[in-house]
Amino acid sequence: MRSIIILLAAVLIANSALAEPVGKPIPIGIAVGQTTNVALFGEEQVNGAKVAEKLLNEKGGIAGTPIKLMFQDTGGDEAGAINAFQNLISRDKVVAIVGPTLSQQAFAANPIANQAQVPVVGPSNTAKGIADIGEYVSRISAPMTLVAPNSLKRALKMNPAIKNVAVVYAQDDAFNVSETGIFQEAIKELGLNIALIQKTSVKDTDFTTQITAILGANVDMVVMSCLAADGGNMVKQLRQLGFEGTIVGGNGFNSPNMYPVCGKLCTGVIVAQAYSPKAENAENQAFAAAFKDMFKKDPAQFSAQAYTAVKVIVDALNEVQASGKDVAGMDLAELHQNLNKALVASSYETPLGEIVLDQNGEVTQKTFYVSQIKVSDDGKTGAMELLPE
Ligand code: 1QQ
């Protein structure tokens with residue numbers, strides 16, 4: 001009798017370890033950079049995700065059960081991202097992870113979630129190859145292959161005399177290495193001449209060496225693949241040292257938190273976006289109004305993309321629920337699998353417009369934008385001013 005009881009207890013413990021219900025509210029992990037230079041992006045991502053939590057819960061969450069965002073700071077490097085992912089998976093038992101901020105971090109941390117079969121939705125990873133990391137990895141951030149060339153075309157339209165170009169990229173960051181390859185191909189396809197290529201680091205603060213070389217080459221345009229802090233400092237120094245030509249920046253320039261870094265000297269820089277706060281779809285109107293209400297400013301791309309990543313997960317959870325399953329009462333491992341299936345091969349209405357995640361988790365998006373940065377007179381705030389078609 002006693003041995004039967006022990007056996008029963010052992011079976012019960014084993015079962016409870018195996019079959020863990022998701023629980024209420026439904027936890028979704030947000031693993032972005034809230035400290036270091038990457039916080040210039042992460043702060044906007046946290047804001048966008050908070051708006052998603054509010055609006056989507058007001059709409060009933062998942063069949064009446066609210067979602068709860070579990071925030072975990074990744075810092076700016078790979079180790080921080082791995083640590084954040086492990087905490088969210090093992091301790092917080094999240095149903096999915098939105099993150100990390102950088103492609104550089106995604107290539108290190110996403111394989112861990114993939115191995116644990118926990119779905120990851122990249123909110124801002126734009127390097128080539130992100131969705132190929134594994135079956136459980138998708139992204140809502142359009143790859144730079146589609147976004148970046150638009151800014152060059154627009155720069156050339158504004159100034160058809162552009163001929164000689166300097167290319168700058170941060171060589172220690174996977175996204176910037178990927179993006180500069182795309183920029184360089186597009187520059188050649190447009191019939192322009194790459195006069196020189198200068199390498200930087202995302203940790204650099206002084207760019208005198210590179211700028212001296214650029215000024216010596218007498219180029220008409222500088223095309224930069226950097227993150228916000230290093231990129232902002234380099235733009236500032238380029239102007240201070242006398243460069244008067246066109247400057248095009250990549251996706252690292254899409255954070256308004258860059259404006260205080262370069263102040264008014266950022267005005268005029270041309271950047272392509274996957275989002276405009278002025279987009280007229282109903283999803284964006286609701287998101288932009290709620291964001292403004294909460295943060296007293298217009299949302300920018302990284303906030304809209306973080307919102308979108310949470311929305312896509314909630315929509316997919318609702319699809320699982322609609323298939324006759326009880327998401328909150330379901331076994332967590334089973335939900336991970338069902339959610340991942342529901343996430344891919346689907347289309348979503350989002351502030352970015354309608355987006356589609358293909359079977360591999362890669363995103364396609366219809367509309368992109370090109371803007372010019374305009375910084376306020378006090379150098380602290382600014383806006384992306386849309387350039388007309
Ligand atoms: C990437 C990026 C960065 C600019 C995100 C903040 O696009 O790392 O893929």
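## Helices α2 and α10

Helix α2 (residues 39–58) and helix α10 (residues 282–295) have axes that come within 10 Å and cross at roughly 110°. An axis here is a line fitted to C-alpha atoms, for helices over the stretch in contact, and angles run from 0 to 180 degrees between N-to-C directions. Helices (H or I, at least four residues) and strands (E, at least two) are DSSP runs, numbered from the N terminus. α2 and α10 are therefore roughly perpendicular to each other. The cut-offs are these: angles under 35 degrees count as roughly parallel, over 145 as roughly antiparallel, 65 to 115 as roughly perpendicular and the rest as oblique.

α2 passes α10 in a right-handed crossing. A crossing is right-handed if the near helix is turned clockwise from the far one by less than a right angle, and left-handed if anticlockwise. On the α2 side, the contact uses N47, G48, K50, V51, K54 and L55. They meet A286, F287, A290, F291, M294 and F295 of α10. Contact means heavy atoms within 4.5 Å. This contact has 8 nonpolar, 2 polar and 2 charged residues. Ala, Val, Leu, Ile, Met, Phe, Trp, Tyr, Cys and Pro count as nonpolar, Asp, Glu, Lys and Arg as charged, and the others, Gly among them, as polar.

## About the model

This is a predicted model: local features need pLDDT of at least 70, side-chain atom pairs count only at pLDDT 80 or more, and totals for chains, interfaces and linings use all residues. Residues are numbered from 1 along each chain as its sequence is written, and side-chain values use heavy atoms, with hydrogens and water left out.

## α10 meets α11

α10 also packs against α11, at an angle of about 115° and with the axes 11 Å apart. Their crossing is right-handed. E283, F287 and F291 of α10 make this contact with S303, A304, Y307 and K311 of α11. By class, the contact of α10 with α11 has 4 nonpolar, 1 polar and 2 charged residues.

## α11 meets α12

Follow α11 to its packing with α12. Helix α11 (residues 301–322) and helix α12 (residues 332–343) pack at about 110°, with axes 8 Å apart. That makes α11 roughly perpendicular to α12. The crossing of this pair is right-handed.

α11 brings V312, I313, A316, L317, E319 and V320 to the contact. α12 brings L335, N338, L339, A342 and L343. These residues divide into 9 nonpolar, 1 polar and 1 charged.

## Helix α8 and the glycine after it

Helix α8 (residues 228–240) has 13 residues. From first C-alpha to last, α8 reaches 18 Å, close to the 18 Å expected at 1.5 Å a residue. The expected span is 1.5 Å times one less than the number of residues. Is α8 mostly covered or mostly uncovered? It is mostly covered, with 10 of its 13 residues buried. Buried means under 20% relative accessible area, exposed over 50%, and partly exposed in between (1.4 Å probe, protein chains only). The buried residues include A228, D230, M234 and L238.

G242 follows α8 and has a positive phi, near 105°. G242 sits in the loop between α8 and β9 (246–249). It is partly exposed, with a relative accessible area of 42%. L215 is 27 residues from G242 in sequence, yet their C-alpha atoms are 8.1 Å apart.

Most residues other than glycine have a negative phi, and most peptide bonds are trans. Where is the cis bond in this model? It joins G99 and P100, with omega about -15°. P100 lies in the loop between β3 (97–98) and α4 (103–115).

T36 is not a glycine, but its phi is positive, about 70°. T36 belongs to the loop between β1 (26–32) and α2. K93 is not a glycine either, and its phi is positive at about 50°. K93 is in the loop between α3 (78–91) and β3. With a relative accessible area of 31%, K93 is partly exposed.

## I89 in helix α3

I89 lies in α3. Is I89 buried or exposed? At 18% relative accessibility, I89 counts as buried. Not counting residues up to four places away in sequence, I89 touches I97, I112, A113, A116 and V118. The C-alpha atoms of I89 and G29 are separated by 8.4 Å, though the two residues are 60 apart along the chain.
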